[in-house]
Amino acid sequence: MLQYTIKAPSRLRANVALPPSKSISNRALIIHALAGGARFPENISDCDDTKVVVRALETMPDVIDVRASGSAMRFLTAYLSVTPGEHTLTGAERMQHRPIGVLVDALRRLGADIDYLGEEGFPPLRIRGRELEGGRLEVPADVSSQYVSALLMIGPALKQGLTVKLLGTISSRPYIDLTLHVMHDYGADAQWTDVDTIAVGPKPYVANRYVIEGDWSAASYWYEMLILNGDNDSTVSLGGLSDGSRQGDSMVRYIGSLFGLRTSMVRDVGEPLRVVLAKGFRPVQRLDYDFSNCPDLAQTFIVACAALGVPFRFSGLGSLKIKETDRIEAMKTELKKMGVVVRDHNDVELIWEGGRCEPTWEPFDTYGDHRMAMSLAPLAMVRDEIKINNPQVVSKSYPRFWDDLRQAGFIVE
C-alpha cells in the first residue's frame, strides 16, 4: 500500500496552474460527440474520469469500463441509448453498487433498450442504441443532478425534443445550469420554462471550437490550505479559472470569505486571468451552511472547521452517500483520528458541536475517493506531519495535485 508523509511549509507562497474542469470536460465531450464534431474540445482534463470518456468515444468498444467515474457512467448511459450499436457499460466494484435506476427508468420511458446484467437498478448495463422519439418526463431530482444532465444532453438528438419536470428538492442545481450552458455553446435550444421544468427543442447541436476552463473544485483545496496556514502573509495564485464561471463550486469564493480569505481577480496586460487568495479578517466562530448546490465542497470545509475548532452544521449532503465512497461515514471515521467527533442526521447533515475524543493521528484513509485525499492533505498545516494512505486516488480529478504541493513548498514523501 502506497503511503505519503506530508509536511507543510510555514509560509505558503503558491503559484498554481489548476487542471481543466472535469465537469465541463465530460459534458463537452458527450455534446461534441452528439454534434458529430471531428476534433475534441481543447484543454480537456487529463484526469481518470475524463480519460474513460475519451477512450469510449474514440474506440466505442463492445465493453466500456468507466472504472470509478460516476459522471461517465451516467452520461454514457444516455449517450449510448441514442447512438447506433450494442454495448455493455460497466465499472469498478464500487460503481456496481452506485444506483442508476432513476436514469434507466427515465430512458426506458423514452423507448431506450437497456437491460441490467446484474442487480436490478445498478450497473453493469447492456444498451442497444436506437433513435428515440422524446417527449415529456418526470424525474426525481433529489438524488443526483447527473441523471438530469444526462437526459438533457441527449434532448437535441430526440425527434420531439425533451421536456423534463423535476420532482422533489433539486440537488446540485448549478450543475444542471452548467449543463445547459455547455449545451447553449453548441447551439442547443434549451431553457427553464418553470421553476421545476426544462424544455429542450429538437434542434441539432452544431460542432464548434470549445475550450475547457479551469476547475473551481480543485481550487477549493488551495483555499483550505490558506485557511489553515497560520502565516498572515501567505498567498496563493491560481491560474486557469474563469471569473464568470457557471461551475457550482465557484461558490468557494464566498465560503472562503467566511474564513477571512480575500479573493482577487488579477489580469496583467497581455496575461491570462489569475485568482489571488490572501489572508484577511478573522474567520467565523461557527458555520451553518447548506451544500445542496455544491456538495463537492463539503469535505473541504468539514475538515477546515474541524481543524480550526469551528462548530458547524452542514446540510444538503444527501448525495455524499452515493459518491466514490459514503463520504458522510468516511468523514466521521477520519475526523476521529484528529480527535473530532461529528454526528450525522438523517444521512443529509453533519453536525459538530465541539465533541472530542483522544486523537491518534494515525494515517488517514482515502476509501478510493480523490476528495478524501485532497481535503485531508491540508491538515499538514496544523500538524508537524500527516500520513495519507493510497494517495494516488487524486488522479480521478487532479492528477498533478501532489506535484503542485511539492512546488508550493510541501515535503511529500
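Q: Where does Asn-43 lie?
A: Asn-43 sits in the loop that links helix H1 (22–34) to helix H2 (48–59). The model is predicted.

Q: Why is Asn-43 called partly exposed?
A: Its relative accessible area is 44%. Buried means under 20% and exposed means over 50%. Asn-43 falls in between, so it is partly exposed.

Q: What makes the phi of Asn-43 worth a remark?
A: The phi of Asn-43 is positive, about 60 degrees, although the residue is not a glycine. Most residues other than glycine have a negative phi.

Q: Which loop holds Arg-67, and what is its phi?
A: Arg-67 is in the loop between strand S3 (63–65) and helix H3 (70–81). Its phi is near 60 degrees, a positive value in a residue other than glycine.

Q: How do you know whether Arg-67 is buried, partly exposed or exposed?
A: Take its relative accessible area, 47%. The exposed class starts over 50%, and the buried class is under 20%. Arg-67 is therefore partly exposed.

Q: What makes the peptide bond from Pro-123 to Pro-124 stand out?
A: That bond is cis, with omega near 5 degrees. Most peptide bonds are trans. Pro-124 belongs to the loop between strand S5 (113–116) and strand S6 (125–129).

Q: Why is Leu-137 called buried?
A: Leu-137 has a relative accessible area of 2%. The cut-off for buried is under 20%, so Leu-137 is buried. The residue is placed in strand S7 (residues 135–140).

Q: What does Leu-137 touch?
A: Leaving out residues up to four places away in sequence, its contacts include Ala-106, Arg-109, Leu-110 and Leu-151. Lys-165 is also among them. Leu-137 and Lys-165 are 28 residues apart in sequence, yet their C-alpha atoms are 6.1 Å apart in space.

Q: Why do S12 and S13 count as paired?
A: Six bridges join S12 to strand S13 (residues 274–279). The rule asks for at least two bridges, so S12 and S13 are a pair. The two strands run antiparallel. In S13, Val-275 is the bridge partner of Met-265, and Leu-277 is the bridge partner of Thr-263.

Q: How do you know that S11 and S13 pair as well?
A: Five bridges join S11 to S13. At least two are needed, so the pairing holds. These strands also run antiparallel. Val-236 stands opposite Leu-277 in S13.

Q: Which residues does Trp-222 touch?
A: Among them are Ala-14, Val-16, Val-236, Leu-238 and Leu-277, not counting residues up to four places away in sequence. Tyr-398, Asp-404 and Ala-408 are also included.

Q: Why does the chain's radius of gyration agree with a compact globule?
A: With 413 residues, a compact globule would have a radius near 22 Å. The chain has 21 Å, so the value agrees. Its C-alpha atoms fill a box of roughly 60 × 50 × 40 Å along the principal axes.

Q: What share of the chain is buried?
A: Buried residues make up 58% of the 413 residues. The accessible surface is about 15,900 Å², and 46% of it belongs to carbon and sulfur atoms.

Methods. Residues numbered from 1 in each chain as written. Predicted model: local features only at pLDDT ≥ 70, side-chain atom pairs only at ≥ 80, totals over all residues. Heavy atoms only, no water. Helix = DSSP H or I, 4+ residues; strand = E, 2+ residues; numbered from the N terminus. Contact = heavy atoms within 4.5 Å. Buried < 20%, exposed > 50% of the residue type's maximum accessible area, 1.4 Å probe, protein only. Rg over C-alpha atoms; globule rule 2.2 N^0.38 Å. Areas by Shrake-Rupley, 256 points an atom, 1.4 Å probe, with all protein chains shown as cover.
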